[in-house]
Amino acid sequence: MKFSVIVSLFASALVACSPLLPAVATAQAATVITNPQTDAVITEMAQAFKRGDKKRLTALMPQAKGHPLEAWAAYWELKARLDEASTAEIRSFFATYPSSYQEDRLRNDWLLLLGSRRDWSTLANEHPHYRMRDDRELRCYILAVELMQKGPQANPGMADEVRRSWMGMREADDGCTFAADRLYDAKQFNALDIWRKARLMMEQSRPRSARNAVQIVAPDAVNAVADIHNNPTQFLKRHIAAPQKVRQELVVMALVKVAATDPDDADKLLRTKWQPYLTTEERHWVWGVIGRQSAMKLEDDTLKHFGRVARDKDLNDDMLAWKARAALRAGNTPNWAEVESAIQAMSAEVKRDPTWIYWHARALLARKKTSPQVQQEATAMLESIAGVRGFYEQLALEELGRKVTTPARPLPPTPEEVETARRNPSLQRALYAIAMGLRPEGVREWNYATNLVNAQGQAGPMSDRDLLAAAQLACDHQVWDRCINTSERTRQVMDFEQRFPMPHKDAVIARARQINLDPSYVYGLIRQESRFITDARSHVGASGLMQVMPATAKWTAKKIGLTGFTPDQINDRDTNIAIGTGYLKLVLDSFEGSMPLAAAAYNAGPSRSRRWRAPNDGSGPVLEAAIWAENVPFNETRDYVKKVLSNTTNYAALITGEPQSLKAKLGRVGPRDANAVLENLELP
């Protein structure tokens, strides 16, 4: 018997996506009808795949025939034994599940296997049929094949592409390492390219990746990599200072490793012993690492370290970003000249990021002597990003004298557009997988359908209208994360009600107002925390809509008088909202109402937010909160704070119908006011 995904669409379910309508009007959501009896086979196969149980997968496969997720079952079964499968079996799978996510996923897996086996002919022949094109390791294999086939006539931009991919990969990777090795032999990579990769991997504590790089350029020195990683200080003590290239580079790696944990110690070692024996570039790189690590520790002498670098071109983009951040927080007034010079030295690709467009424009406008031309240039930069899509886009809008308002809503998807989305096989499978508890598989299939193929299942992006229809389908099914992520991909139109939905509106707004908490801030945080997935669980154990940790939930329940709380209640919607908003209110009050500080505390813990705020002695500059947020040393938390505040501003525009100021919500961040209410140091 063949089961299909049965979808019931209710026009009134659209209310769930419209935060401007009363929540009491919300009707029954669209549903996916699953079959528990046959679904059990698929669930067991998913578990067997995670265990690597090839025999069990093969035994269960006949029972999965005809199930809506048969393609997933077949993928798991064949993927588990791909290294021993015949080419005929693989091609049969492609023919059985054509144009599906599973076909393309298996092709990706197979192409990587062919690359590892150095089967270049089959790899080159099969690659044109691969649609996703999102695997960096596979792309490196393909570029290496092109180099081997075309030699000097190969694409001149190949080396830059491989360099970007290889430098950006932390884990050991055969494809890009192989391509780098080929490019080094072809003299399109130089030794410095390889050593810089080794330095980066040593700083990031990735000894295997560092060893792979050293193997290319100095195979006799690979055994030193483990010594440097395990005890860089001892390595430096055992080695004499001598101007010999490989030895110099090993010293650089050791100094980099020291700097990763103790930039002051690395600074002392470099100045007192090793500086004369290193090249200018090598010294600059080490100073750059010391500067970056110092900046991430929010130390006052960061710019002094960076000041020892005479040529910014000797620093990579990440070092330059931290130099710019340190210059922004250099005092009550930023060191705008250093901000400008650091951004100017960044690669063209990084300079296009709205973060650096915004701060570059601000630096130009802050010049002591400016001209109409410079002002025009800065204004053009701000205009190029100004809008409501994100944090710096909103700040740019305000720099130009405009506030954040809700854009006009586009025409809703037509019945024909919705029907096209509903009949999309990948979207059907995605909704079914999510409904039966296989969320990761459903999300991957949904993303494939909306990112990499059009509404007709052909390679290429969906149109904005197709994306709006697919987002509406997800919203109707209350799969809010896919609704939001899909709607965010539209290019020319913007449906704010899809991008910023307000599920559970009565519960959230009533609770927020009861404890004097801005509901737009609550929604901004939930949207970033869980995308409104009520049973969401993070890798560290946070649960529910507001992603509350068990210990925090227990502590907060006592503080807010929630009697009878037990850990199993954490995913209950109302309990999670009560505890999450209660904790957020306690955090916000402890940080004197500062939304950025409270958001950072919610994500990374109150003690870290206190430490990042100002030195313990109460000194330190008073910063624009945007500068403070940009200097948060954790990438995840820095991104989190900016997104929560940007979300909050957009939700406020939706809820109030009035223009909003992100800058007003950010405020300024500095040492704690001595007259403020005592800080709550008990906060977990």
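At 5% relative accessibility, Phe 500 counts as buried, where buried stands for under 20% relative accessible area, exposed for over 50% and partly exposed for anything in between (1.4 Å probe, protein chains only). The rings of Phe 496 and Phe 500 form a tilted aromatic pair, with 4.9 Å from centre to centre and 55 degrees between the planes. Rings of Phe, Tyr and Trp (its six-membered ring) are taken to pair if their centres lie within 6.5 Å; planes under 30 degrees apart are called stacked, those over 60 edge-to-face, and the rest tilted.

The structure is predicted, so local features are reported at pLDDT of at least 70 and side-chain atom pairs at pLDDT 80 or more, while totals for chains, interfaces and linings use all residues. Residues are numbered from 1 along each chain as its sequence is written, and side-chain values rest on heavy atoms, with hydrogens and water left out.

Across the whole structure, 22 aromatic pairs were found. In one of them, Tyr 358 and Tyr 392 have ring centres 5.3 Å apart and planes at 40 degrees, which makes the pair tilted. This pair links distant parts of the chain, since Tyr 358 belongs to helix α21 (residues 354-365) and Tyr 392 to helix α23 (residues 391-399), 34 residues apart. Helices here are DSSP runs (H or I, at least four residues), numbered from the N terminus, as are strands (E, at least two). Tyr 358 is buried at 0% relative accessible area, and Tyr 392 is buried at 4%. Elsewhere, ring pairs join Phe 49, Trp 72, Tyr 75, Trp 76, Tyr 101 and Tyr 448 into a cluster.

Rings also meet charged groups. Arg 107 lies over the face of Phe 94, at 3.9 Å from the ring centre, and Arg 118 lies over the face of Phe 178, at 4.4 Å. The criterion is that NZ of Lys or CZ of Arg is within 6 Å of the ring centre and within 35 degrees of the ring normal.

The interior comes next. In soluble globular proteins, nonpolar side chains tend to be buried together.

One disulfide was found in the whole structure, defined as a pair of cysteine sulfur atoms within 2.5 Å. It joins Cys 140 to Cys 176, with 2.0 Å from S to S, and is right-handed, with 80 degrees about the S-S bond. Cys 140 lies in helix α7 (residues 136-150) and Cys 176 in helix α9, 36 residues apart. Both ends are buried, Cys 140 at 1% and Cys 176 at 0%. By contrast, the sulfur of Cys 483 is 3.5 Å from that of Cys 475, its closest cysteine sulfur, and this is too far for a bond.

Most residues other than glycine have a negative phi. Lys 187 has a positive phi near 65 degrees; Lys 187 is in the loop between α9 (174-185) and α10 (191-203) and is exposed at 73%. His 504 has a positive phi of about 60 degrees; His 504 is in the loop between α29 (496-499) and α30 (505-514) and is partly exposed at 21%.
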